[in-house]
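Hi there,

Here is the structure I promised to pass on. Have a look at it first, and then read my notes below.

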There are 2 protein chains.
Amino acid sequence: MSGYGKYFPRSEKIYVEGSRPDIRVPFREIRLHGDNDNLRLYDVSGPYTDPSYEPDLKQGLPAIRSEWIAERGDTEVHLSNVAILSNADKAFQGLERQPLRAKAGKTVTQMAYARQGTVTPEMEYIAIREHVAPEFVRAEVAAGRAVIPLNINHPEAEPMIIGRKFRTKVNANIGNSALGSSIEEEVDKMQWSTLWGADTVMDLSTGADIHDTREWIVRNSPTPIGTVPLYQALKKIDDDADGLSWELYRDTLIEQAEQGIDYFTIHAGVLRNIIPHAKKRQLGIVSRGGSVLAKWMMDNDSENFLYTHFREICEIMARYDITFSLGDGLRPGCIEDANDEAQLAELKTLGELTKIAWEYDVQVMIEGPGHVPLDKIKENMDLQLQDCFEAPFYTLGPLVTDCAPGYDHVNSAIGGAVIGWYGTSMLCYVTPKEHLGLPNRADVKEGVIVHKIAAHAADLAKGVPGSMDRDIAMTKARREFRWEDQYNLSFDPHRAREYRRESLPPEERDQVDQHYCSMCGERYCSMRISEEIRKS
Amino acid sequence: MSGYGKYFPRSEKIYVEGSRPDIRVPFREIRLHGDNDNLRLYDVSGPYTDPSYEPDLKQGLPAIRSEWIAERGDTEVHLSNVAILSNADKAFQGLERQPLRAKAGKTVTQMAYARQGTVTPEMEYIAIREHVAPEFVRAEVAAGRAVIPLNINHPEAEPMIIGRKFRTKVNANIGNSALGSSIEEEVDKMQWSTLWGADTVMDLSTGADIHDTREWIVRNSPTPIGTVPLYQALKKIDDDADGLSWELYRDTLIEQAEQGIDYFTIHAGVLRNIIPHAKKRQLGIVSRGGSVLAKWMMDNDSENFLYTHFREICEIMARYDITFSLGDGLRPGCIEDANDEAQLAELKTLGELTKIAWEYDVQVMIEGPGHVPLDKIKENMDLQLQDCFEAPFYTLGPLVTDCAPGYDHVNSAIGGAVIGWYGTSMLCYVTPKEHLGLPNRADVKEGVIVHKIAAHAADLAKGVPGSMDRDIAMTKARREFRWEDQYNLSFDPHRAREYRRESLPPEERDQVDQHYCSMCGERYCSMRISEEIRKS
């Protein structure tokens with residue numbers, strides 16, 4: 001029994017070693033029947049699926065990058081005043097590791113290294129994962145067309161890249177809200193979503209224990225973690241937006257930077273002059289962050305402090321190698337508002353901010369909608385590439401209709417596949433609960449899987465290296481009636497197996513060698529007949 | 001309590017009368033709260049959702065078109081020898097109605113009427129359903145760009161149209177196989193799928209009681225019914241394809257024509273000279289009909305008898321106004337085979353056959369794939385329009401990856417939304433059981449709904465008249481926190497309601513007036529804040 005347990009039968013964790021023994025890139029290898037080559041898949045489930053690994057949530061995952069970071073000699077231990085105060089209740093008392101930051105005068109971002117011509121161990125690791133050359137990874141990061149979201153304080157994370165010339169990624173949102181869910185549940189959701197293939201996880205907690213919840217998640221997460229720091233800033237002032245200030249926000253950034261958050265959603269593009277346009281919309285501002293900031297600007301008769309302090313934010317991001325996920329506070333919340341003036345004006349602002357961040361060698365991705373009908377997706381994607389200088393696009397869906405509550409995961413998979421094909425680098429998952437409530441465990445799984453399918457469809461259409469291998473293996477398994485292999489090659493082997501079993505007569509349920517399925521029965525099986533034709 | 005019962009709360013059946021009192025076009029009207037206009041939706045659920053209707057499955061539905069057909073004076077009662085023999089076990093002993101056919105020298109197809117410049121009651125009915133002018137319906141049918149699949153022996157069916165300038169339609173496949181399911185189950189599946197919005201239903205039975213199953217389905221179906229007559233022809237010779245002959249097939253067509261089947265899938269485009277190309281494929285011929293015919297041609301060293309007898313088939317189709325659904329026997333069964341020589345050669349042949357059918361004023365649609373990656377869908381759609389002279393395209397999916405068993409309904413919804421937007425007129429649903437087994441009741445519902453969402457997304461993108469109304473109403477309901485209306489405007493009100501309820505604390509579950517949801521909680525609700533901004 002492998003570490004993938006019952007979820008992925010006949011899958012085993014393997015590692016491919018790079019140019020040095022501590023570059024060990026994990027893959028999930030599916031052991032196919034007969035004399036077929038095993039299929040090697042990109043794997044984000046972390047050490048949990050390695051049978052030799054003994055998890056201890058209170059110790060967190062092994063810090064696989066610590067040595068690489070230390071070798072570069074450009075960081076120093078530094079715990080800010082801010083962090084000490086808020087870390088009083090730190091969950092990981094046992095961990096000796098102290099927060100790092102860049103030494104004075106040093107820039108520790110992957111973009112800085114890339115621009116200097118250095119291929120870091122992180123880049124080599126990614127090159128092996130993505131079946132490309134390390135130099136190609138470096139060049140894409142240097143150009144800003146791809147990001148490697150890896151905070152120097154999250155050495156547990158396995159390096160990964162987000163960019164449109166690489167495998168399309170999927171993000172899963174987790175996080176408690178005022179209405180419930182515990183720390184253990186959130187850590188479990190993180191593990192659960194990476195088991196099914198989430199490439200990054202955003203902790204969007206707005207309820208109790210935000211700091212501790214995050215600590216548990218980061219220390220145990222093999223994937224990059226993103227947050228929306230504004231949520232915690234608001235929490236610190238009892239959700240009273242009147243109390244928001246640059247200083248409060250800055251301290252929250254630093255606190256989270258020291259914990260190891262890999263990317264921050266920052267709504268710096270919601271400007272005062274766009275609010276009148278947003279007021280004309282059918283559905284106003286549907287982004288939580290965007291609406292809070294718009295209200296604050298109106299109440300305080302001031303420009304967005306994230307915009308006015310943007311260069312200071314860049315300095316903080318550079319110090320820890322945190323990637324910007326420039327938030328689309330003005331994303332459309334309904335089909336009628338898609339690609340409107342408010343949205344497109346913000347996109348241009350995000351492009352200007354991208355240029356500024358790049359001055360600091362800070363990595364940037366751009367968040368996107370939202371609700372967009374199929375015929376307007378290409379325009380949105382093309383404008384993003386143009387206005388934001390090819391910085392990676394990271395979209396929520398888009399949903400292609402407003403009318404699918406209960407099925408918004410499918411709605412989002414439709415829009416996500418299309419925008420992924422056009423050039424989006426990461427899809428934020430949407431679960432069946434979207435617009436209705438917080439997802440449970442089953443919703444998280446469903447949301448991740450349908451977006452993995454959408455992302456894979458985008459990869460096939462774009463011709464991402466290696467993406468056809470799985471389809472080729474599935475086709476051969478179909479041709480040869482290798483049912484077990486068909487199950488195991490799917491995104492959810494257990495479901496595929498159960499669905500076939502339940503439609504077979506009881507006496508045949510545990511056979512796996514039938515040369516037909518219950519859709520057509522044996523005599524009408526086109527696959528069987530085709531095989532006869534082929535052989536004739 | 002309306003006839004839509006628990007499935008669609010606050011929905012009521014209404015009828016819009018045409019130029020004569022027996023043109024009564026059904027709509028489902030959703031009663032919204034407050035002073036909002038009711039939303040009127042296209043409705044295919046038939047009299048079953050009319051609370052004044054008392055169903056009697058043994059009598060079948062009211063024959064709403066009998067008078068229109070009789071008035072034209074171009075039909076006569078005629079029961080063929082073929083039909084009498086096979087009707088010995090006829091299920092509807094009580095029905096006095098006898099089969100009709102065209103009088104000698106008359107053509108009774110909607111295409112013939114349209115070309116003569118006549119707007120039939122059927123066309124007027126459709127114009128009201130589709131929010132267009134009757135003359136527009138006539139012109140599209142005359143040009144072959146749309147079909148009205150209505151056998152004169154299925155007078156129970158509510159007129160509907162399939163064409164790319166109209167609402168995108170969804171077909172649901174039902175039918176028993178050698179491995180199980182009963183007549184009652186199949187009739188129930190037909191009603192069930194139309195309740196959720198299937199615009200047509202194909203009876204693909206290959207098991208026992210094919211004739212009776214079909215009789216029950218047709219007599220009780222408010223939507224057009226399609227079949228693949230080859231399946232029954234094979235059944236008559238104990239599934240031994242060696243016994244296939246034109247005479248056997250012809251008699252089966254006539255038998256089904258007299259029962260009232262509205263469209264036939266006929267694989268007349270699978271020609272001998274394409275077989276060598278098909279043999280080179282990764283997955284050969286995955287169409288049941290296509291593979292049986294290919295085998296027959298090889299075994300008998302003969303051309304496809306459906307091709308050589310195509311004009312005789314047209315004469316039969318014309319006599320009853322049956323629409324061709326020219327089968328894509330060579331559709332690709334995997335991503336690797338998409339848009340290959342075999343598929344595209346067949347498409348050209350289907351175009352030639354379309355021209356021939358049109359000589360007989362017989363309506364034609366063209367079946368399409370299958371498995372096609374996103375980047376090849378447009379090419380396939382454009383070639384279909386060109387090679388088949390804009391005859392409506394009716395596609396199965398396409399699936400955009402081979403690796404999604406258990407989730408192929410989502411896979412198909414992705415491809416279906418895209419090809420629908422590009423110009424496909426009807427999507428054949430795919431259920432979660434695709435590639436694995438026969439769908440059960442829950443699978444049928446899931447399959448129909450996700451394809452309704454895909455078709456609706458296509459309609460929004462194409463700007464089909466009236467399609468935005470539902471999204472506009474949903475957006476307004478969201479803005480005003482009318483939760484009940486949001487549920488009722490969705491494709492599955494019960495699911496939307498349950499999903500929201502289960503994520504609320506128990507004491508709030510039966511409230512419907514919260515101005516927030518559990519995703520963000522009250523204080524962070526962007527919708528609430530947006531409303532404050534709007535009002536300020």
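Let's start with a helix pair in chain A: the axes of helix 13 (residues 310-320) of chain A and helix 14 (residues 341-359) of chain A come within 9 Å and cross at roughly 45 degrees. Axes here are lines fitted to C-alpha atoms, for helices over the stretch in contact, with angles running from 0 to 180 degrees between N-to-C directions. Helices are DSSP runs (H or I, at least four residues), numbered from the N terminus. That angle makes helix 13 of chain A oblique to helix 14 of chain A (under 35 degrees counts as roughly parallel, over 145 as roughly antiparallel, 65 to 115 as roughly perpendicular, and the rest as oblique). On the helix 13 side of chain A, the contact (heavy atoms within 4.5 Å) is made by Phe310(A), Arg311(A) and Cys314(A), and on the helix 14 side by Leu353(A), Ile356(A), Ala357(A) and Glu359(A).

A word on where this comes from: it's a predicted model, where local features need pLDDT of at least 70 and side-chain atom pairs count only at pLDDT 80 or more, while totals for chains, interfaces and linings use all residues. Residues are numbered from 1 along each chain as its sequence is written, chains are lettered from A and ligands numbered from 1 in the order in which they are written, and side-chain values use heavy atoms, leaving out hydrogens and water.

Now chain B. Helix 7 (residues 210-219) of chain B and helix 9 (residues 246-259) of chain B have axes that come within 10 Å and cross at roughly 30 degrees, so these two helices are roughly parallel to each other. In this pair, His211(B), Arg214(B), Glu215(B), Val218(B) and Arg219(B) of helix 7 meet Glu255(B), Gln256(B) and Gln259(B) of helix 9.

How much area do chain A and chain B bury between them? About 8,900 Å², 66% of it on carbon and sulfur atoms; buried area is the accessible area (1.4 Å probe) that two parts lose on being put together, summed over both. The contact takes 101 residues from chain A and 103 residues from chain B. Across this interface there are 4 salt bridges (a side-chain nitrogen of Lys or Arg within 4 Å of a carboxyl oxygen of Asp or Glu). Lys433(B) forms a salt bridge with Glu502(A), with the closest N and O atoms 2.8 Å apart.

Over all chains, the structure holds 88 salt bridges. Another one joins Lys189(A) and Glu186(A) (3.5 Å, N to O). Both residues lie in helix 6 (residues 183-195) of chain A, 3 residues apart, about one turn of the helix.

Cheers
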